[in-house]
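Me: I want to learn how to read features off a model like this one. Please take me through it step by step.

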Amino acid sequence: MYELRCESLEKSFGSFALQPLDLAIQPGEFFSLLGPSGCGKTTVLRLLGGFEQPTGGRIMLGDRDITRLQPHKRNIHTVFQRYALFPHLSVFENVAFSLRLKGLAKAEIQLRVDEIMSLTEIGTLADRRIHQLSGGQSQRVALARALVDQPAVLLLDEPFSALDPSLRVRVREEMRTICKKVGATFILVTHDQEEALQLSDRLAVMKDGRCLQVGTPKAIYEDPSDAFVASFIGPVNEIRGELAETQPGEWTVSSAMGTFKVRKNGIALPRDVSMLLRPEKMRLLRQRSNTQENLLEGEIQDLTYLGSRTEYTIKTHDNVFKVSEAELERQKKRLLNRRDRVFLTWKTEDAILLPQSAPK
Amino acid sequence: MKKLVLRLRDWPPSAWIFFAWLVSLSVLPFLIILAMSFAVRSESGLISWTFTLANYERAFHLVYLKVLAKTIFLSLGATITCLLVGFPVAYYLARATPEKRQMGLMLLFIPFWTNFILRIYGIVSIFGNHGLLNQTIMRLGLTDAPLEILYTRFGIYLGLVYNYLPFIVVPIFSALEKFDLSLREAAMDLGANRWQTFTRVLLPNVREGIAIGSLFVFIPMMGEYVIPDILGGAKEVFLGRVMVEQFFTMQDWPFGSALASVLSMGLMIAVWVRMRFEQRKAGPTSHGLR
């Protein structure tokens, strides 16, 4: 098991440029590269796989510099976006492909292929042709094929995007189980934040060829380093205002909507700040409450019942807020309807403070 | 019978055209040739319709078997050469930009805008003893005597390759065009070097195109008459020439027909065997270990 490191890895082609990237991915870690299309995540994956040559920097696997190594000499395998299974071979032969190239004995190939096929639950498909497989089965075959010769690192290129949405969540859970059993390092490329949050030990959020933040799902969700990361990883409500220290250690943000208490963590902030609030961290009150510090009055413009939660769109006098309320919370209160007057509130520590980004 | 008639009525017009073409220009002529091959040549060179197997007895005589072997040998050699030259050409075209691809395919077939006979004589003017090639190398002092290319077996081979090359490129090109490049990356990713990627992934996936292209050129080569006649000279015999000779010089239509039937049947059997083989492969596979 080796640590995989990118050291100021660069790549430019056409108008795209991957800014010097430094990453250290721990052995056995499930790491995701998350970002919108064109952010450079796939480029990083192709550099790691050896399909592209970087224009600068290097890639280290343990103590070994693998930057210039050909794809077939790297102990890194890829699960391709559309799986790229060999149509002229059976499922068994697809999985056995890398072992055959190594010239292993028949008995050993049989043993190892059987083992990985039972782990990925495709044992019954051994004799099938590739065109006879469903999407979910193809994905397992691709995974088994990439895992069978025990790579140090497995690269997953949007492996769920070709699946039906209804299938995705289940397949993701199974994938996570398999990954934990195998113990290799996994690197997932995705534009789906839910996928990244569900699967990753840590993830990197990328945009325009730049890595914006690296951290655990929790850290990135709750403590995003900038407004893009905050909004990409999940929906947010934004209040723009001016930061002021009213008393030593006590900070407020004054905005057109009022003045709100905030908790300032160590980082230096300019005067103009954005206060970001996650929909599920906001609460709805029927009546004005004097004990609540942060209060906004508004009217329910729209509500969507989603079973486990209800999503509200609340219009205040000059802003629109998204609020998500767990069903449990909702049951305690009288049902709310469209056009009801409500008060919005949140805990001071749940507000995320960031420097104001340029207006959109 | 009634069922068949009903079904014939359900055929779309396109099927009728195909059917009419098949029967009138392919099946019927073949049956006529087949019938003639069992007939006897009359003294005056006409056909006398008495059943005999003598033509076939003669056709399998060593002299003709040698001609057949030579024809197969030359056609096979030319087909393999077409394959070796045509594959890289098809590969380049399949990977080129759409504009380059269109241009390339057009250039490939531009020679065919010229009459076939003229093109063959074009070869004569290049490779003949007083042709461009020999004149050039003699002027350069590379040889004293001209290279004997025309009127040899090599001349026929050269003509076959030149004339049939474009026809093998097209089926291979379309197979390569459909080939998913990510399969190549997948093979390399799993540890295959360039050669292994080529032999284990690329070739098996375009095998069908290669087989069709090879048949496309091999079959007409076997029956080729003009190329060996013009480029082969008097001493080089080729099955097509022998057949034409039987029909037009010797006036022995029944024997010519027997030779033609042997060739056609042989090719049909070969194609049929190949198709059966393909069908078996396309079925459920076993991976060789179980």
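Reply: Start with a definition. A residue is buried under 20% relative accessible area, exposed over 50%, and partly exposed in between. One caution: this is a predicted model.

Me: Does A:Glu311 count as buried, partly exposed or exposed?

Reply: A:Glu311 has 32% relative accessibility, so it counts as partly exposed. A:Arg309 is partly exposed as well, because its relative accessible area is 33%. The two form a salt bridge, with the closest N and O atoms 2.9 Å apart.

Me: What is the general idea behind such a pair?

Reply: Side chains of opposite charge can pair when their charged atoms come close. In this structure there are 35 salt bridges over all chains.

Me: Which parts does the pair of A:Asp149 and A:Lys102 tie together?

Reply: The side chains of A:Asp149 and A:Lys102 meet at 2.9 Å, N to O. A:Asp149 sits in the loop between H4 and strand E7 (153-157) of chain A, and A:Lys102 in the loop between H2 and H3 of chain A, so the pair ties together parts 47 residues apart in sequence. A:Asp149 is buried, because its relative accessible area is 7%.

Me: Where do A:Asp201 and A:Lys180 lie?

Reply: A:Asp201 forms a salt bridge with A:Lys180, and the closest N and O atoms are 3.4 Å apart. A:Asp201 is in the loop between helix H6 (193-199) and strand E9 (202-207) of chain A, while A:Lys180 is in helix H5 (residues 165-182) of chain A. The pair links distant parts of the chain, 21 residues apart. A:Asp201 is partly exposed at 27% relative accessible area. A:Lys180 is partly exposed at 44%.

Me: Which residues are linked in a network of salt bridges?

Reply: The network links A:Glu3, A:Arg5, A:Glu7, A:Arg58 and A:Asp65.

Me: Now the whole of chain A. How many helices and strands are there?

Reply: Chain A has nine helices and 20 strands. Its C-alpha trace spans about 75 × 45 × 35 Å along the principal axes. Of its 360 residues, 50% count as buried. The accessible surface comes to about 16900 Å², and carbon and sulfur atoms hold 48% of that.

Me: What do the contacts and charges of chain A look like?

Reply: Take contacts between residues at least 6 apart in sequence. In chain A, 65% of these join residues at least 24 apart. For charge, chain A has 50 positive and 46 negative charges, and their mean positions are 2 Å apart.

Me: Why is H2(A) described as largely enclosed?

Reply: Ten of its eleven residues are buried, so H2(A) is largely enclosed by the rest of the structure. Among the buried residues are A:Val91, A:Phe92, A:Phe97 and A:Leu101. A:Glu93 and A:Asn94 are also on that list.

Me: What do the buried residues of H2(A) pack against?

Reply: They pack against helix H3 (106-119) and helix H4 (135-147) of chain A, together with helix H9 (181-189) and H10 of chain B. Just after H2(A), A:Gly103 takes a positive phi of about 70°.

Me: Which residue other than glycine has a positive phi near 70°?

Reply: A:Tyr83 does. A:Tyr83 is found in the loop between strand E6 (76-79) and helix H2 (91-101) of chain A. A:Tyr83 counts as buried because its relative accessibility is 6%. In chain B, B:Gln251 has a positive phi near 55°. B:Gln251 is in the loop between helix H12 (239-249) and helix H13 (253-282). At 36% relative accessibility, B:Gln251 counts as partly exposed.

Me: How should I read the size of an interface?

Reply: The size of an interface is often given as the accessible area lost when the parts come together. Between chain B and chain A, about 2500 Å² is buried, and carbon and sulfur atoms give 58% of that. The contacts involve 24 residues of chain B and 28 residues of chain A.

Me: Which side chains form the salt bridge across that interface?

Reply: The rule finds one salt bridge there. The side chains of A:Arg46 and B:Glu185 meet at 2.7 Å, N to O.

Terms used
Residues numbered from 1 in each chain as written. Chains lettered and ligands numbered in written order. Predicted model: local features only at pLDDT ≥ 70, side-chain atom pairs only at ≥ 80, totals over all residues. Heavy atoms only, no water. Helix = DSSP H or I, 4+ residues; strand = E, 2+ residues; numbered from the N terminus. Buried < 20%, exposed > 50% of the residue type's maximum accessible area, 1.4 Å probe, protein only. Contact = heavy atoms within 4.5 Å. Areas by Shrake-Rupley, 256 points an atom, 1.4 Å probe, with all protein chains shown as cover. Lys, Arg positive; Asp, Glu negative; His and termini not counted. Charge placed at Lys NZ, Arg CZ, Asp CG, Glu CD. Buried area = accessible area lost by both parts, 1.4 Å probe. Salt bridge = Lys/Arg side-chain N within 4 Å of Asp/Glu carboxyl O.
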